[in-house]
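Please take a look at this protein chain.

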Amino acid sequence: MTSFVSEKLRLPRRLTKSISEIVHRKSMGNAFFATTFLQSLAESRLLTFSADKMRWIWNEAAVDAKNISDDVVEVMAEKIQTLQRGAQDLLMTASCIGASFEKLMMA
């Protein structure tokens with residue numbers, strides 16, 4: 001997981017060891033959940049890019065305190081709820097069409 005987090009944050013492994021351990025524990029090593037967790041950390045400003053240091057920074061205790069869902073459906077539902085109403089309506093219509101469709105079908 002250290003390599004995964006280091007790659008995502010574009011930092012050397014030695015700098016991401018502590019956050020990688022937290023991400024691994026909370027995501028149970030699942031790459032989807034790890035990515036989602038890192039995104040939620042950034043969205044909640046617990047993981048921020050420091051222009052002064054030219055790298056990502058975080059508060060280890062705050063990251064450790066952050067909850068993560070272990071249910072893919074719950075994670076996706078939370079993501080959809082953050083979208084604008086029009087985008088939610090479009091997804092609802094698209095879900096009725098099926099797993100794949102042409103863009104023109106939605107016009």
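## Basis

This is a predicted model, in which local features need pLDDT of at least 70 and side-chain atom pairs count only at pLDDT 80 or more, while totals for chains, interfaces and linings use all residues. Residues are numbered from 1 along each chain as its sequence is written, and side-chain values use heavy atoms, with hydrogens and water left out.

## Overall layout

The protein has 6 helices and 2 strands. Helices (H or I, at least four residues) and strands (E, at least two) are DSSP runs, numbered from the N terminus. Read from the N terminus, the order is α-α-α-β-β-α-α-α. The radius of gyration is 17 Å, well over the 13 Å that the globule rule gives for 107 residues, so the protein is more spread out than a compact globule. That radius is taken over C-alpha atoms, and the rule is 2.2 Å times the number of residues to the power 0.38.

Along its principal axes, the C-alpha trace spans about 50 × 30 × 20 Å. Take the contacts with a separation of 6 or more: 48% of them join residues 24 or more positions apart. Contact means heavy atoms within 4.5 Å.

## Surface and charge

Of the 107 residues, 26% count as buried. Buried means under 20% relative accessible area, exposed over 50%, and partly exposed in between (1.4 Å probe, protein chains only). The accessible surface comes to about 7,600 Å², and 54% of that belongs to carbon and sulfur atoms. These areas come from the Shrake-Rupley method with a 1.4 Å probe; for residues, only the protein chains shown count as cover.

The protein carries 14 positive and 12 negative side chains. Lys and Arg count as positive, Asp and Glu as negative; His and the chain ends are not counted. The centres of the two sets lie 8 Å apart. Each charge is placed at NZ of Lys, CZ of Arg, CG of Asp or CD of Glu.

## The hairpin

Strand 1 (residues 47-50) pairs with strand 2 (residues 55-58) in the antiparallel sense, over 4 bridges. Two strands pair if DSSP finds at least two bridges between them. Leu 47 has Trp 58 in strand 2 as its bridge partner. The hairpin has 4 residues between the strands, and Met 54 takes a positive phi near 55 degrees there.

## Helix residues

Thr 2 sits in helix 1 (residues 2-9). Thr 2 counts as buried, at 18% relative accessibility. Beyond four places in sequence, Thr 2 touches Arg 13, Thr 16, Lys 17 and Ser 20.

Ile 80 lies in helix 5 (residues 72-81) and is partly exposed, at 34%. Not counting residues up to four places away, Ile 80 touches Gln 88 and Leu 91.

## Loop residues

Most residues other than glycine have a negative phi. Met 28 has a positive phi near 55 degrees. Met 28 belongs to the loop between helix 2 and helix 3 and is exposed, at 61%. Arg 45 has a positive phi of about 65 degrees. Arg 45 lies in the loop between helix 3 and strand 1 and is exposed, at 64%.

Gly 29 is in the loop between helix 2 (13-27) and helix 3 (31-43). Gly 29 counts as partly exposed, at 36%. Outside four places in sequence, Gly 29 contacts Met 1 and His 24. The C-alpha atoms of Gly 29 and Met 1 are separated by 6.8 Å, although the two are 28 residues apart along the chain.
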